[in-house]
Amino acid sequence: MPELPEVETIRRQLSQKIIGKRLNGQKITDIRRRAKILIVDFADSSSLIFHLKLTGQLIFNGKPSQYTRKVFNFDDGSQLIFNDVRKFGWWKKVKEVKKIEEKFGPEALEIDFKTFRASLKKRPNSKIKPLLMDQKFIAGIGNIYSDEILFASNVRPMRLVKTLVKKESQKILQSIKKILKVAIKHQGSSVEHYLDACGQKGNYVKYHKVYQQKKCSLCDEQIKRIKIGGRSAHFCPKCQK
DNA sequence: ACAATATCCTGCGAGC
DNA sequence: TGCTCGCAGGATATTG
(Lines give C-alpha, C1' and ligand atoms only; values in the text may rest on other atoms or scores of the structure.)
Protein backbone atom coordinates (compact mmCIF):
# COMPACT_ATOMS: atom_id res chain seq x y z
CA MET A 1 0.00 0.00 0.00
CA PRO A 2 1.44 3.33 -0.96
CA GLU A 3 2.48 5.30 2.12
CA LEU A 4 4.82 8.28 2.32
CA PRO A 5 7.94 6.55 0.90
CA GLU A 6 6.04 5.10 -2.05
CA VAL A 7 4.25 8.33 -2.95
CA GLU A 8 7.49 10.25 -2.52
CA THR A 9 9.27 7.82 -4.86
CA ILE A 10 6.60 8.35 -7.50
CA ARG A 11 6.76 12.10 -6.98
CA ARG A 12 10.51 12.19 -7.54
CA GLN A 13 10.32 10.06 -10.65
CA LEU A 14 7.43 11.98 -12.17
CA SER A 15 8.99 15.35 -11.52
CA GLN A 16 11.86 14.28 -13.82
CA LYS A 17 9.39 13.27 -16.49
CA ILE A 18 6.43 15.61 -16.62
CA ILE A 19 7.30 19.03 -15.21
CA GLY A 20 7.09 21.52 -18.07
CA LYS A 21 4.80 19.35 -20.15
CA ARG A 22 1.20 20.25 -20.86
CA LEU A 23 -1.91 18.33 -19.86
CA ASN A 24 -5.13 19.48 -21.55
CA GLY A 25 -3.24 22.58 -22.60
CA GLN A 26 -2.20 23.45 -19.06
CA LYS A 27 1.47 23.70 -18.23
CA ILE A 28 2.73 21.57 -15.32
CA THR A 29 4.83 23.67 -12.98
CA ASP A 30 5.50 21.37 -10.05
CA ILE A 31 4.83 17.98 -8.47
CA ARG A 32 4.52 17.85 -4.72
CA ARG A 33 3.44 15.47 -2.00
CA ARG A 34 1.36 16.17 1.10
CA ALA A 35 0.70 13.20 3.39
CA LYS A 36 -0.01 10.38 0.91
CA ILE A 37 -1.48 12.72 -1.68
CA LEU A 38 0.36 13.49 -4.89
CA ILE A 39 -0.17 17.00 -6.20
CA VAL A 40 0.41 18.09 -9.79
CA ASP A 41 0.41 21.89 -10.01
CA PHE A 42 -0.48 23.86 -13.12
CA ALA A 43 0.54 27.32 -14.26
CA ASP A 44 -2.95 28.69 -13.62
CA SER A 45 -2.59 27.63 -9.94
CA SER A 46 -5.06 24.78 -10.25
CA SER A 47 -3.93 21.26 -9.36
CA LEU A 48 -4.58 17.64 -10.17
CA ILE A 49 -4.40 15.51 -7.05
CA PHE A 50 -4.16 11.76 -6.55
CA HIS A 51 -4.64 9.32 -3.70
CA LEU A 52 -3.51 5.77 -4.48
CA LYS A 53 -5.12 4.27 -1.37
CA LEU A 54 -4.51 0.50 -1.33
CA THR A 55 -3.80 -0.66 -4.83
CA GLY A 56 -3.39 2.45 -6.95
CA GLN A 57 -0.51 2.76 -9.41
CA LEU A 58 0.67 5.73 -11.43
CA ILE A 59 2.91 4.55 -14.23
CA PHE A 60 4.57 6.81 -16.78
CA ASN A 61 4.19 5.43 -20.30
CA GLY A 62 2.78 2.24 -18.79
CA LYS A 63 0.81 -0.29 -20.77
CA PRO A 64 -2.92 -0.09 -20.01
CA SER A 65 -4.56 -3.19 -18.49
CA GLN A 66 -8.03 -4.22 -17.36
CA TYR A 67 -7.34 -2.29 -14.15
CA THR A 68 -6.47 0.97 -15.88
CA ARG A 69 -9.00 3.54 -14.67
CA LYS A 70 -7.61 6.60 -16.42
CA VAL A 71 -5.00 7.62 -18.95
CA PHE A 72 -3.56 11.14 -18.85
CA ASN A 73 -2.10 12.28 -22.16
CA PHE A 74 0.63 14.91 -22.33
CA ASP A 75 1.21 17.29 -25.21
CA ASP A 76 4.34 15.43 -26.37
CA GLY A 77 2.52 12.11 -26.72
CA SER A 78 3.73 10.60 -23.47
CA GLN A 79 1.15 9.43 -20.96
CA LEU A 80 0.49 8.59 -17.35
CA ILE A 81 -1.77 5.66 -16.55
CA PHE A 82 -3.71 5.21 -13.34
CA ASN A 83 -4.30 1.56 -12.41
CA ASP A 84 -6.32 0.41 -9.42
CA VAL A 85 -7.58 -3.08 -8.75
CA ARG A 86 -9.76 -2.22 -5.76
CA LYS A 87 -11.01 1.14 -6.98
CA PHE A 88 -10.40 2.94 -3.69
CA GLY A 89 -7.93 5.35 -5.19
CA TRP A 90 -9.05 8.62 -6.74
CA TRP A 91 -7.94 11.72 -8.62
CA LYS A 92 -9.46 15.13 -8.68
CA LYS A 93 -8.93 18.47 -10.40
CA VAL A 94 -9.00 21.26 -7.83
CA LYS A 95 -8.81 25.05 -8.06
CA GLU A 96 -7.44 25.58 -4.59
CA VAL A 97 -5.34 22.70 -3.26
CA LYS A 98 -4.25 24.58 -0.16
CA LYS A 99 -7.50 23.83 1.67
CA ILE A 100 -6.92 20.12 1.22
CA GLU A 101 -3.30 20.36 2.31
CA GLU A 102 -4.35 22.08 5.50
CA LYS A 103 -6.45 19.15 6.66
CA PHE A 104 -3.39 17.07 7.46
CA GLY A 105 -1.13 17.11 10.47
CA PRO A 106 2.58 17.89 10.26
CA GLU A 107 4.61 15.97 7.68
CA ALA A 108 6.30 12.95 9.22
CA LEU A 109 9.71 13.94 7.86
CA GLU A 110 9.44 17.51 9.09
CA ILE A 111 7.93 17.40 12.56
CA ASP A 112 10.21 18.38 15.45
CA PHE A 113 10.27 16.72 18.85
CA LYS A 114 8.68 19.60 20.71
CA THR A 115 5.63 19.54 18.45
CA PHE A 116 5.51 15.74 18.44
CA ARG A 117 5.60 15.49 22.20
CA ALA A 118 3.00 18.24 22.63
CA SER A 119 0.69 16.43 20.20
CA LEU A 120 1.17 13.15 22.05
CA LYS A 121 0.18 14.85 25.30
CA LYS A 122 -3.20 15.68 23.77
CA ARG A 123 -3.97 12.03 23.02
CA PRO A 124 -3.10 10.14 26.23
CA ASN A 125 -5.65 7.37 25.73
CA SER A 126 -4.79 6.57 22.15
CA LYS A 127 -2.94 3.45 21.25
CA ILE A 128 0.30 4.48 19.66
CA LYS A 129 -0.06 2.58 16.38
CA PRO A 130 -3.45 3.95 15.32
CA LEU A 131 -2.26 7.38 16.33
CA LEU A 132 0.80 7.18 14.08
CA MET A 133 -1.55 6.25 11.25
CA ASP A 134 -3.88 9.19 11.94
CA GLN A 135 -3.15 11.63 9.12
CA LYS A 136 -4.45 14.56 11.15
CA PHE A 137 -1.97 13.71 13.89
CA ILE A 138 1.06 13.10 11.68
CA ALA A 139 0.97 12.83 7.90
CA GLY A 140 2.31 10.01 5.74
CA ILE A 141 2.49 6.88 7.89
CA GLY A 142 0.33 3.82 7.21
CA ASN A 143 0.09 0.23 8.36
CA ILE A 144 3.45 -1.05 7.15
CA TYR A 145 5.64 1.76 8.41
CA SER A 146 3.85 2.17 11.73
CA ASP A 147 4.73 -1.47 12.49
CA GLU A 148 8.33 -1.01 11.37
CA ILE A 149 8.72 2.27 13.26
CA LEU A 150 7.42 0.77 16.50
CA PHE A 151 9.69 -2.25 16.18
CA ALA A 152 12.67 0.06 15.74
CA SER A 153 11.47 1.94 18.82
CA ASN A 154 11.05 -1.19 20.96
CA VAL A 155 7.47 -0.14 21.68
CA ARG A 156 4.43 -2.38 21.28
CA PRO A 157 1.72 -1.10 18.92
CA MET A 158 -1.04 -1.29 21.54
CA ARG A 159 0.79 0.83 24.11
CA LEU A 160 -1.26 3.79 25.35
CA VAL A 161 0.38 7.11 24.71
CA LYS A 162 0.20 8.11 28.39
CA THR A 163 2.42 5.14 29.31
CA LEU A 164 5.26 6.29 27.04
CA VAL A 165 8.27 7.79 28.78
CA LYS A 166 10.14 10.66 27.15
CA LYS A 167 12.94 8.42 25.91
CA GLU A 168 10.40 6.25 24.10
CA SER A 169 8.72 9.22 22.43
CA GLN A 170 12.14 10.39 21.33
CA LYS A 171 12.97 6.99 19.94
CA ILE A 172 9.68 6.84 18.08
CA LEU A 173 10.24 10.18 16.37
CA GLN A 174 13.81 9.22 15.55
CA SER A 175 12.60 5.94 14.04
CA ILE A 176 9.88 7.69 12.03
CA LYS A 177 12.49 9.79 10.24
CA LYS A 178 15.07 7.07 9.88
CA ILE A 179 12.78 4.38 8.55
CA LEU A 180 10.91 6.62 6.13
CA LYS A 181 14.17 8.00 4.75
CA VAL A 182 15.72 4.57 4.26
CA ALA A 183 12.49 3.31 2.68
CA ILE A 184 12.55 6.20 0.19
CA LYS A 185 16.14 5.29 -0.63
CA HIS A 186 14.93 1.80 -1.58
CA GLN A 187 11.94 3.06 -3.62
CA GLY A 188 9.43 2.00 -0.98
CA SER A 189 7.83 -1.37 -0.23
CA SER A 190 6.07 -3.52 -2.81
CA VAL A 191 3.48 -5.43 -0.88
CA GLU A 192 0.14 -5.92 -2.57
CA HIS A 193 0.25 -4.04 -5.85
CA TYR A 194 2.64 -1.18 -5.41
CA LEU A 195 4.79 -0.23 -8.37
CA ASP A 196 6.66 3.03 -8.83
CA ALA A 197 6.17 5.47 -11.71
CA CYS A 198 8.55 3.39 -13.84
CA GLY A 199 6.54 0.23 -13.20
CA GLN A 200 9.25 -1.17 -10.91
CA LYS A 201 8.86 -2.79 -7.51
CA GLY A 202 10.10 -1.11 -4.35
CA ASN A 203 12.90 -2.92 -2.53
CA TYR A 204 12.27 -1.95 1.07
CA VAL A 205 10.29 -5.17 1.69
CA LYS A 206 13.69 -6.85 2.12
CA TYR A 207 14.26 -4.70 5.17
CA HIS A 208 10.93 -5.31 6.86
CA LYS A 209 11.53 -6.53 10.41
CA VAL A 210 7.97 -7.26 11.53
CA TYR A 211 5.37 -6.45 8.88
CA GLN A 212 4.22 -9.83 7.52
CA GLN A 213 7.32 -11.44 8.99
CA LYS A 214 7.39 -14.79 10.81
CA LYS A 215 10.41 -14.57 13.09
CA CYS A 216 12.24 -11.73 14.72
CA SER A 217 15.56 -11.11 12.99
CA LEU A 218 17.13 -10.05 16.28
CA CYS A 219 15.96 -12.67 18.79
CA ASP A 220 14.31 -15.38 16.67
CA GLU A 221 11.06 -15.02 18.60
CA GLN A 222 7.80 -15.58 16.71
CA ILE A 223 6.37 -12.30 15.43
CA LYS A 224 2.88 -11.71 16.83
CA ARG A 225 0.08 -10.50 14.62
CA ILE A 226 -2.90 -8.91 16.32
CA LYS A 227 -5.80 -6.64 15.44
CA ILE A 228 -5.88 -3.07 16.64
CA GLY A 229 -8.88 -1.03 15.56
CA GLY A 230 -9.66 -3.49 12.78
CA ARG A 231 -6.12 -3.28 11.38
CA SER A 232 -3.35 -5.83 11.52
CA ALA A 233 -0.40 -5.03 13.76
CA HIS A 234 2.85 -6.99 13.86
CA PHE A 235 5.35 -6.94 16.69
CA CYS A 236 8.05 -8.93 18.46
CA PRO A 237 6.89 -9.73 22.01
CA LYS A 238 10.50 -9.99 23.18
CA CYS A 239 12.00 -6.88 21.59
CA GLN A 240 9.03 -4.56 22.06
CA LYS A 241 7.78 -3.50 25.49
C1' DA B 1 -14.66 14.75 22.89
C1' DC B 2 -12.85 10.90 22.20
C1' DA B 3 -12.25 6.04 20.46
C1' DA B 4 -13.89 1.99 18.15
C1' DT B 5 -16.30 0.04 14.34
C1' DA B 6 -18.55 -0.32 9.62
C1' DT B 7 -18.01 0.84 4.91
C1' DC B 8 -16.34 0.96 0.17
C1' DC B 9 -13.89 -3.03 -3.53
C1' DT B 10 -11.85 -7.14 -5.57
C1' DG B 11 -8.34 -10.83 -5.83
C1' DC B 12 -6.57 -14.36 -3.40
C1' DG B 13 -5.92 -18.26 -0.33
C1' DA B 14 -7.90 -21.52 2.92
C1' DG B 15 -11.04 -25.09 3.69
C1' DC B 16 -14.46 -28.35 2.57
C1' DT C 1 -11.70 -29.81 -8.75
C1' DG C 2 -14.57 -26.03 -7.69
C1' DC C 3 -17.13 -23.65 -4.78
C1' DT C 4 -17.81 -20.35 -0.72
C1' DC C 5 -16.07 -17.55 2.67
C1' DG C 6 -13.14 -14.40 4.93
C1' DC C 7 -9.47 -11.31 4.74
C1' DA C 8 -6.56 -7.29 3.35
C1' DG C 9 -6.50 -2.02 3.96
C1' DG C 10 -6.91 4.28 3.84
C1' DA C 11 -9.86 7.34 5.07
C1' DT C 12 -14.50 8.69 6.09
C1' DA C 13 -18.98 8.09 8.32
C1' DT C 14 -21.27 6.34 11.92
C1' DT C 15 -21.90 4.39 16.33
C1' DG C 16 -20.59 3.78 21.18
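A polar contact here is a pair of N or O atoms within 3.5 Å; within protein, one must be able to donate a hydrogen and the other to accept it, and residues adjacent in sequence count only if both atoms are side-chain atoms. The model is predicted, so local features need pLDDT of at least 70 and side-chain atom pairs pLDDT 80 or more, while totals for chains, interfaces and linings use all residues. Residues are numbered from 1 along each chain as its sequence is written, chains are lettered from A and ligands numbered from 1 in the order written, and side-chain values use heavy atoms, without hydrogens and water.

First, the DNA. Phosphate oxygens of DNA strand B lie 2.8 Å from a side-chain N or O atom of Ser126, 2.5 Å from a polar side-chain atom of Lys87 and 3.0 Å from one of Tyr67.

Next, the rings. Phe, Tyr and Trp rings (the six-membered one for Trp) pair if their centres lie within 6.5 Å; planes under 30 degrees apart are stacked, over 60 edge-to-face, the rest tilted. The whole structure has eight aromatic pairs. Phe50 and Phe72 are edge-to-face, at 5.4 Å and 80°. Phe50 is buried (under 20% relative accessible area; exposed is over 50%, partly exposed in between; 1.4 Å probe, protein chains only), at 1%. Phe72 is buried at 8%. What is the arrangement of Phe50 and Phe82? Their centres are 6.1 Å apart and their planes at 20°, so the pair is stacked. Phe50, Phe72, Phe82 and Trp91 are linked into a cluster by ring pairs.
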